[in-house]
Amino acid sequence: MIGQRLNEIRKELPPEVKLVAVSKFKSVEDIMEAYRAGQRAFAESRPQELVKKASVLPDDIEWHFIGHLQTNKIKLILPYVNLVQSVDSAHLLEELDRQASIFCRTVDCLLEVHISGEESKQGFEPSEISQIVEERLNLQNVRIRGLMGMASLSGDEHLIHSEFKALRLLADKFKNEGLGYVSMGMSSDYRIAVQEGTNLVRIGTAIFGNRI
Ligand SMILES: *Cc1c(COP(=O)(O)O)cnc(C)c1O
């Protein structure tokens, strides 16, 4: 089932789009099923859950973090995480840099941008991004690799198109500074994200089924 769904989604995605399987709340067995179907990039939203799974699953899995990250949890995930997609404050970016240096490693991250009109969503305002990028490009132990955003949870496709388009245009401005990734698109809206030029989609439900 999981393997089949994965293959169907892969067929739809252009070759330049990276597929990250969002495995939050899903079992190690479900992740292994996706792994056997060739999937290697998975994303989790809670630090303890990422650590628990990463410590028992194959080493060649690439782990992404997509939830709100508290600075006191950074050290838990640093031994495992490949890409922190949800950096939503300058303070978190600086703490990632400081703690990564203790681990003698560099950690890749994306800046989460608040692109929907919804109030509850976290992230930087689009207008803050250029200053953050300019000021933090010289951090030694974090690399800002791109931008991430979530569209409104809405049936209004025009709205979703325009939110993704705005993120894509913002990301384009920083392409030459090493920010190649624009992470947008989830189960309900990845097709729209593809049309708007995403190169990283985060898909959970459409692969693993509903989270209960
Ligand atoms: C849960 C989550 C996803 C995946 O959502 P689905 O609707 O299950 O595809 C993608 N991105 C973020 C940030 C999430 O928290």
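## Aromatic pair

Trp 63 counts as buried, with a relative accessibility of 3%, and Phe 42 is likewise buried at a relative accessible area of 0%; buried means under 20% relative accessible area, computed with a 1.4 Å probe on protein chains only. The model is predicted: local features need pLDDT of at least 70 and side-chain atom pairs count only at pLDDT 80 or more, whereas totals for chains, interfaces and linings use all residues. Side-chain values use heavy atoms, without hydrogens and water, and residues are numbered from 1 along each chain as its sequence is written.

A search of the whole structure finds 1 aromatic pair (ring centres within 6.5 Å). Phe 42 belongs to strand β2 (residues 41-44) and Trp 63 to strand β3 (residues 62-65), so the pair ties together parts 21 residues apart in sequence; strands are DSSP runs (E) of at least two residues, numbered from the N terminus.

## Ligand surroundings

The residues around the ligand (a heavy atom within 4 Å) include Val 22, Ile 66, Met 150 and Arg 211. By class, this shell has 5 nonpolar, 3 polar and 3 charged residues.

Polar contacts are pairs of N or O atoms within 3.5 Å. A polar side-chain atom of Lys 24 lies 2.7 Å from a ligand oxygen atom, and a side-chain N or O atom of Arg 202 is 2.9 Å from a ligand nitrogen atom. Gly 204 places a backbone N or O atom 2.8 Å from an oxygen atom of the ligand.

Methods:
Rings of Phe, Tyr and Trp (its six-membered ring) pair if their centres lie within 6.5 Å; planes under 30 degrees apart count as stacked, over 60 as edge-to-face and the rest as tilted. Helices (H or I, at least four residues) and strands (E, at least two) are DSSP runs, numbered from the N terminus. Buried means under 20% relative accessible area, exposed over 50%, partly exposed in between (1.4 Å probe, protein chains only). A polar contact is a pair of N or O atoms within 3.5 Å; within protein, one must be able to donate a hydrogen and the other to accept it, and residues adjacent in sequence count only if both atoms are side-chain atoms. Ala, Val, Leu, Ile, Met, Phe, Trp, Tyr, Cys and Pro count as nonpolar, Asp, Glu, Lys and Arg as charged, and the others, Gly among them, as polar.
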